[in-house]
Amino acid sequence: MMYTLQQRQIPLHEGYEVIVAGGGPAGCAAAAAAAREGAKTLLIEATGVLGGMATAGLVNAFAPFSDGERVIYGGIAQTILETMKSQMPHVSKDAVNWVPIDYEGLKRIYDGMVTGAGADILFNTTLGAAEMADEAQVDAIIVNNKAGLSAYRAKVYIDCTGDADLCARAGAEYEKGGEGGALQPASLCFILSNVDEEAFRRGPGTLHIDNPRSCIHAMVESGKYDIPDKHLCQQWIGPNTMGFNAGHVHDVDGTDPQSISRGLIAGRKLAYEHKRGFADHHPAFANTCLAATAVSIGVRESRRVIGDYIFTLEDYLARRSFADEILRNNYYIDIHNTPEEGDRQKSGERWWSDTRYEHYKRGESHGLPYRCLTPKGLRNVLVAGRCISSDRATQGSLRVMPACLCMGEAAGIAAKLAADMPTVDVHAVDAQRLRRRLKEEGAYLPG
């Protein structure tokens, strides 16, 4: 069944040069960078906080910022990391890899960074539609919030939704998932408090699957708990408080609201099952409290925009550099498999493939070209975050927060450069000028 909307007028807000959709790491960096460059900028965010999976999603640590020799995610990304660490006395000043996240502190840092640069923020505002001036140019976006439906117009739009929602609504080409539409499972992160730190130190150490003494093995093999697999990462995030990225919620499509709703319900149940299992199998968790589950489920993949260049596994394995590269990346290819894929590819008890592809050595990294941020067929739209133009394998590396922060900063600068053109065209941005500005702001772009 289809319903035809009645013709009506809604408020139109004009005057912005750049509008960013999505307030995760990529969106925050994009909005801050565009505003810093002098663009009148608006950031719209569907939840009530900035930071995406690092705040609303309760991911417990940042992926590594270092290639083993130096920090390679510079600029805004490094500023965010160092500012957060400065408020965490229990974290070493030298820590750059797997740094635990201070959720409340990071919310304030993102708020301050974006508003301090001069950008406006609209929380609890969802993207509904893209109105087109022609097949290649977005005229306005339609959003919904407590004021009802409104239209917002800008010269340039940046899609940082993670699911390429703006690009899809504007008619851009995209790919989705893997063979047969397979999508990596999601995870709902959670926090346990009142963990006995002394008992944990006497225990088996990490609860990760790689540790043969981890209680996760006994928990899953007992069949007593509704836990589908042994995926488990834990991190101390405060005194007697531990954050978890554990378990998989399968068959979650981040572009399907019913699927997301089912996933959230299943994820909350799965968090409680882990809490029960830990209490039974590890003395440190005997009296723990399930303090929080995330309000946003961790979707690892959905749409990938088709851009002017598609970054490929061949590029990754070759450690390729590009004349127009806007960041360096060295995170491993981290694909969490569906059960069907796991049956075909699992190594031991592992249902994900971080060991399937060659890992980089110390000091190694690859470049990412600006052309991965420019959707084919759209003149005034950029994309940053996990939905950029890449193949499925390399999306498993590029989706992490340090890389997304760097993409966002590049997109924000590029948006202002495009907005200043007599005729806006993100594909015609001078990549060398963009690279110079990134370097001036602290980006690591060797060569």
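The crossing of helices α6 and α7 is right-handed (a crossing counts as right-handed if the near helix is turned clockwise from the far one by less than a right angle, and as left-handed if anticlockwise). Helices here are DSSP runs of H or I with at least four residues, strands are runs of E with at least two, and both are numbered from the N terminus. The contact is made by C215, I216, A218 and M219 on the α6 side and by H274, G277, F278 and H281 on the α7 side, contact meaning heavy atoms within 4.5 Å. By class, five of these residues are nonpolar, three are polar and none is charged (Ala, Val, Leu, Ile, Met, Phe, Trp, Tyr, Cys and Pro count as nonpolar, Asp, Glu, Lys and Arg as charged, and the others, Gly among them, as polar). The axes of α6 and α7 are 10 Å apart, and the packing angle is about 115°; axes are lines fitted to C-alpha atoms, for helices over the stretch in contact, with angles between N-to-C directions running from 0 to 180 degrees. The two helices are therefore roughly perpendicular to each other (65 to 115 degrees; angles under 35 count as roughly parallel, over 145 as roughly antiparallel and the rest as oblique).

The model is predicted, with local features requiring pLDDT of at least 70 and side-chain atom pairs pLDDT 80 or more, whereas totals for chains, interfaces and linings use all residues. Residues are numbered from 1 along each chain as its sequence is written, and side-chain values use heavy atoms, without hydrogens and water.

Helix α6 spans residues 215-222, and C215, I216, H217 and M219 within α6 are buried (buried is under 20% relative accessible area, exposed over 50% and partly exposed in between, with a 1.4 Å probe and protein chains only). The buried residues of α6 pack against strand β9 (232-238) and against helix α7 (257-281). G223 follows α6 and has a positive phi, near 75°.

The crossing of α1 and α3 is left-handed. Residues P25, C28, A29, A31 and A32 of α1 meet Y110, M113 and V114 of α3. The contact of α1 with α3 comprises eight nonpolar residues, with no polar and no charged ones. Helix α3 also contains R108, which counts as exposed at 53% relative accessibility. The C-alpha atoms of R108 and I326 are 27 Å apart in space, with a sequence separation of 218 residues.

The structure holds zero disulfides (pairs of cysteine sulfur atoms within 2.5 Å). C28 is in no disulfide, and the nearest cysteine sulfur, in C160, is 9.0 Å away. C28 is buried, at a relative accessible area of 0%. For C387, the closest cysteine sulfur is that of C167, at 6.5 Å, too far for a bond. C387 is likewise buried, with a relative accessible area of 0%.

Most residues other than glycine have a negative phi. N124, which is not a glycine, has a positive phi of about 50° and lies in the loop between β3 (120-122) and β4 (126-134). N240, also not a glycine, has a positive phi of about 55°. The loop that holds N240 runs between β9 and β10 (241-246), and N240 counts as partly exposed at 33% relative accessibility.
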